[in-house]
Amino acid sequence: MARYFTDEHEWIDVDGDNATVGITDYAQEQLGDIVFVELPATGTMLDKGGDAAVVESVKAASDVYAPISGEVMETNAALEEDPALVNTSPEEDGWFFKMTLGDKSELEGLMDAKAYKAFCESL
Amino acid sequence: MSDTEETIEDLPLGTLPLDAWHRAQGARMVPFAGYEMPIQYAGPFGGIVAEHEWTRTSAGLFDVSHMGQLLLSGPDLDAVVEAVLPIDLSTLKLGSQRYSLLLDENGGVLDDLMVSRWPQHLYLVVNGATKWDDIGHLREYLPDEITLNHLEDRALLALQGPKAADALARHATGEYPLSALTFMKFGQFRLAGHDVTIARAGYTGEDGFEISLSGDAAEEIATLLCGEPEVKPIGLGARDSLRLEAGLPLYGHDLSPETSPIEAGLVFGINKRRRTEGGYPGAERINREIVDGTARKWVGLKLDGRMPAREGAEVFSGDEKIGVVTSGGFSPSLGYPIAVAYVASAHAAEGTALEIEVRNKRLPATVVPMPFVPHRYYRGSK
């Protein structure tokens, strides 16, 4: 399983033809206390770079974009009860949704962990 | 991920006296009102929700040095200021401060402010984002004989929360004890060897103080106060969630030249004598609205669920659009989203069921009384 990162601070774990998406620790730190996550409905077709979810912190709403194109297969029900999971475990328990991998070539151009770390340090 | 709310800044940002101090406390600095300001702090007690709760239960120190501190003096001061503000200065006693409004000729709100009676002077605290326009407006409307002194070298700190009085009383000395100050009163005190003016007022709904002091003394006094076990520094993020819960309007969002103070429920800002006498900008419209009412009203809304509605969200009754949200967010103290909105007066009664549209969804909301969280101002020993 490989993990990639976008310059909009989403992460995507790729496992065969399926992937899991969330936002990074850097992202949750920037957003602050998260009070609500609006997730896409199962079956939604996502376009790479298009709106996928919305994260509401106390202060503002922020868009989360689809790292790649594909169909939403499952969303993280735990976030309904406990949206703060995105703060406490952004890159594990606080995942947002699982999706199909429409076009593997779209992974090209995403960052690996090392590149993403360097990217964050440059901000 | 990206913030949907972008901050537009086209001028170089100013630096306030506590800039380095905030950074040393782990503040995240953001552009606000032309300055770099702390939105929240790092650490186990940092973050908007933790800072909010700390202020509601203990005491928080806010740097509000971006606000404009103005000192007016000159001949017939009361009369000429009454021509600009709807205030009755004949009832403003030495040592008292009062909320007032800077209005345009149509009664639209240019700013909201505090006016304090000093010996020979009136001292005004105005909003940071509007202070330069306010100064221009006052210069234009006040006679040339009036001196307007912008106290740019002063800092302003707010200490807010139920334990603010305990913490501050350990250090403040003056002609009388700090406990003699009740809500909206002020006096001269000494703090860590510095002369300061302390007013019992604030913007959180809690008991608390606003301390006007020399910018040179700001670091020493901020460090002193944050050395008290009750006190932690609090950023702008929690300042906004606290004031929203307290039902206090934020200029530029809830108030603007497009809103009248009567629509906003600020009739108390039009002092009684002025409601009949007039003689201030916009008096004709405002005094008419006081008698006849307004077509829309600023109301509090409690939302169902957890999804907040933000500024600009439209408010509906059935299919009819009847208003717009001017501020909204998740209330840390209440655990649900709250908002304030201008709505058609027919839909403004407490208990009215409405809907707010957020990203093509309709969120059920109910008109509720404000403040959302009760004020706990200190009005004297019980």
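Visitor: Before we start, what should I know about the numbering and the model?
Guide: Residues are numbered from 1 along each chain as its sequence is written, and chains are lettered from A, with ligands numbered from 1, in the order in which they are written. The model is predicted, and local features need pLDDT of at least 70, side-chain atom pairs count only at pLDDT 80 or more, while totals for chains, interfaces and linings use all residues.

Visitor: Let us take chain A. How many helices and strands does chain A have?
Guide: Chain A has 4 helices and 9 strands. Helices (H or I, at least four residues) and strands (E, at least two) are DSSP runs, numbered from the N terminus. Along the sequence, their pattern in chain A is β-β-β-α-β-β-β-β-β-α-α-β-α.

Visitor: What radius of gyration does chain A have?
Guide: Chain A has 13 Å, which agrees with the value near 14 Å that a compact globule of 123 residues would have. The radius is taken over C-alpha atoms, and the globule rule is 2.2 Å times the number of residues to the power 0.38. The C-alpha trace of chain A spans about 35 × 35 × 20 Å along its principal axes.

Visitor: And what share of chain A counts as buried?
Guide: Of its 123 residues, 43% count as buried. A residue is buried if 20 or more other C-beta atoms lie within 10 Å of its own, exposed if 12 or fewer, and partly exposed in between, with C-beta atoms placed from the backbone.

Visitor: How many residues does each chain bring to the contact between them?
Guide: The contact takes 19 residues from chain B and 19 residues from chain A. Two residues are in contact if their C-beta atoms, placed from the backbone, lie within 7 Å.

Visitor: Which parts of chain B are on that side?
Guide: Strand 1 (2-3), helix 2 (48-57), helix 7 (236-245) and strand 18 (320-331) of chain B each supply at least two residues of the side that touches chain A. That side of chain B divides into 7 nonpolar, 7 polar and 5 charged residues. Here Ala, Val, Leu, Ile, Met, Phe, Trp, Tyr, Cys and Pro count as nonpolar, Asp, Glu, Lys and Arg as charged, and the others, Gly among them, as polar.

Visitor: How is chain B divided?
Guide: Chain B consists of domain 1 (1-294) and domain 2 (296-372), with bounds that come from an automatic or database domain assignment. The C-alpha centres of the two domains of chain B lie 27 Å apart. Their contact takes 18 residues from domain 1 of chain B and 18 residues from domain 2 of chain B.

Visitor: Which helix gives the largest share on the domain 1 side?
Guide: Helix 2 of chain B does, with 4 residues. The domain 1 side of chain B that touches domain 2 of chain B divides into 5 nonpolar, 8 polar and 5 charged residues.

Visitor: What about the largest nonpolar core?
Guide: The largest nonpolar core has 124 residues, and Leu157(B), Leu159(B), Leu301(B) and Ile356(B) have the most contacts inside it. Such a core is a set of buried Ala, Val, Leu, Ile, Met, Phe, Trp, Tyr and Cys residues joined through C-beta atoms within 7 Å. Strand 19 (residues 336-344) of chain B gives the most to this core, with 6 residues.

Visitor: Why does this core lie between the domains of chain B?
Guide: Domain 1 (1-294) and domain 2 (296-372) of chain B both give residues to this core, so it lies between them.

Visitor: Back to helix 7 of chain B: is helix 7 mostly covered or mostly uncovered?
Guide: Helix 7 of chain B is mostly covered, as 9 of its 10 residues are buried. Among the buried residues are Leu236(B), Arg239(B) and Leu244(B). The buried residues of helix 7 of chain B pack against several elements, including helix 2, strand 18 and strand 19 of chain B. Just after helix 7 of chain B, Gly247(B) takes a positive phi of about 70°.
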